[in-house]
Amino acid sequence: MSQPLEFQPGRAVVFRNGTVLPMDRNRSVLTGTDVLLAGDRIAAVGPRLAVPDGTAEIDAEGGIVMPGMIDTHRHMWQTAMRGYGADWTLTQYFVWYYLEHGRAFRPEDVYAGNRLAAVEALDAGVTTVVDWSHGLQTADHADAAVDALQSVPGRFVLAYGNIQQAPAEWTRAPEFRDFVRRRITDDDMLGFQLAFDVTGDPEFPEKPAFEAARELGLAVTTHAGVWGATNDDGIRLMHEHGFMTPETVYVHASTLSADSYHRIAATGGSVSVSTESEQSAGQGYPTTWAIRSHGIPVSLSMDTSVWWSGDLFSAMRTTLGADRARQHLDAHGRNETVTHSALRADQVVEWATLGGARALGREKDLGSLEVGRKADVVLLKNDHSPVSFPLLNPYGHVAFQAQRGDVHTVVVNGKVVKHEHRLLGVDLGSVRHEVEQTVEHLRSTIGEEEWHKGMNPDIPETKVLDNPYTYTDYRSSTTHRR
């Protein structure tokens with residue numbers, strides 16, 4: 001599908017007369033406001049802006065103009081199996097992907113999942129995604145992951161991981177270093193992190209991977225505070241060896257002690273909360289209620305479409321619900337009544353935008369609508385929906401009322417990639433074909449009986465575990481005897 005003439009590269013774009021959420025320090029609401037985009041930057045924000053001749057004008061009246069949303073933790077390679085594990089526990093997920101069938105994914109299957117996930121993200125107004133790509137068994141898989149991301153006009157961060165090998169092994173492999181040399185450049189649209197977990201094994205087998213990250217100047221993103229698998233011992237080891245940095249992103253962080261939260265806060269790290277995942281799979285209770293008092297920065301993520309939704313509207317909604325439920329439950333236990341919500345709608349909207357930018361070290365150019373920032377912008381407007389009016393509390397509307405069907409226009413780096421509820425320049429037919437081939441491959445490789453059984457897999461007695469990593473026999477005393 002070709003782009004409409006008015007959205008050809010180089011032409012300025014202006015959103016006219018919208019309700020603008022700039023995500024500034026005061027969490028302002030600007031009514032009757034225009035946002036002008038020129039090149040890849042926001043050129044002006046204000047009412048009745050004068051614009052260059054030939055500027056493409058988008059009517060934003062009755063809609064909400066906001067920064068593009070940022071997801072800091074999504075296993076994009078799994079998206080071709082959307083909904084397959086709807087009834088899984090975390091242990092069943094570990095058994096299926098880590099121990100039994102994860103190796104069946106070919107490079108082309110990683111490509112298909114990544115491409116579908118990337119398109120899905122843009123459709124939902126998520127303009128930046130951290131691809132927590134722990135299915136990169138070979139450099140060919142990694143190349144396929146990047147090829148898919150670069151085929152879609154979004155902004156991505158490849159968080160390179162490999163659940164089939166020890167982090168110390170794959171980070172020192174020549175083919176990994178060659179991949180970094182070949183594919184990781186100064187491309188503004190593709191960032192790079194290392195993704196691996198810390199089991200808490202006293203031998204600290206993950207230490208060489210941290211050293212590799214330090215050598216390469218890369219941030220580490222890690223699943224921390226996952227019941228039984230990655231808990232306080234891992235945080236303590238990271239801290240004692242000096243590997244907790246302001247760039248570190250701790251995913252979930254649900255079952256940590258106050259001591260671990262103090263360490264994260266003291267070293268300036270942030271937490272990526274995946275509430276849909278945490279409240280369903282069993283990592284632990286979604287942690288915003290616990291970390292709020294520690295002042296730890298928060299971003300939001302949706303984890304994986306093998307279970308859950310692929311948008312941040314659900315992430316905002318479930319996070320508010322879980323946090324408030326915990327606040328009420330704690331109060332009721334003291335025979336008290338909550339009269340004011342501690343977590344507000346504007347806070348979760350900030351976490352979905354500027355919070356993600358902060359986690360990625362890009363708060364100076366992403367996550368807000370200020371002059372000079374990158375032109376990553378979303379318009380929520382649906383004139384055909386009775387839910388679109390009245391627009392009284394815009395932050396509450398985004399957090400509780402809006403959904404992907406309300407995403408009218410999406411701009412990434414100054415390029416309009418969705419308009420009037422339709423993606424531009426995306427061949428959904430080819431994306432569907434690639435995903436269908438991946439599903440056919442997996443079903444034939446695994447076998448029809450095992451494929452159907454996999455939606456509710458048994459747990460082999462020899463594989464009852466929380467820590468799914470085979471490079472260490474360590475088991476946390478939280479759920480296992482040492």
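I take helices (H or I, at least four residues) and strands (E, at least two) as DSSP runs, numbered from the N terminus. The model is predicted: local features need pLDDT of at least 70, side-chain atom pairs count only at pLDDT 80 or more, and totals for chains, interfaces and linings use all residues. Residues are numbered from 1 along each chain as its sequence is written, and side-chain values use heavy atoms, with hydrogens and water left out.

I looked up the UniProt annotation first. The unreviewed entry gives "domain: Amidohydrolase-related" for residues 64-417. Such annotations may be inferred rather than shown by experiment. I found 40% helix and 17% strand in this span. Its end C-alpha atoms are 17 Å apart.

**Helix pair.** Next I checked α3 (residues 139-150) against α5 (residues 174-183). Their axes, lines fitted to C-alpha atoms over the stretch in contact, lie 9 Å apart at an angle of about 25°. Angles run from 0 to 180 degrees between N-to-C directions. Angles under 35 degrees count as roughly parallel, so α3 and α5 are roughly parallel to each other. I then listed the contact (heavy atoms within 4.5 Å). On α3 it includes Ala 139, Ala 142 and Val 146. On α5 it includes Phe 179, Arg 182 and Arg 183.

**Salt bridges.** I counted 38 salt bridges, each a side-chain nitrogen of Lys or Arg within 4 Å of a carboxyl oxygen of Asp or Glu. One of them joins Asp 376 and Arg 155, with the closest N and O atoms 2.9 Å apart. Asp 376 sits in the loop between α12 (345-359) and β14 (377-380), and Arg 155 in strand β8 (residues 155-160), so the pair ties together parts 221 residues apart in sequence.

Technical notes
Angles under 35 degrees count as roughly parallel, over 145 as roughly antiparallel, 65 to 115 as roughly perpendicular and the rest as oblique.
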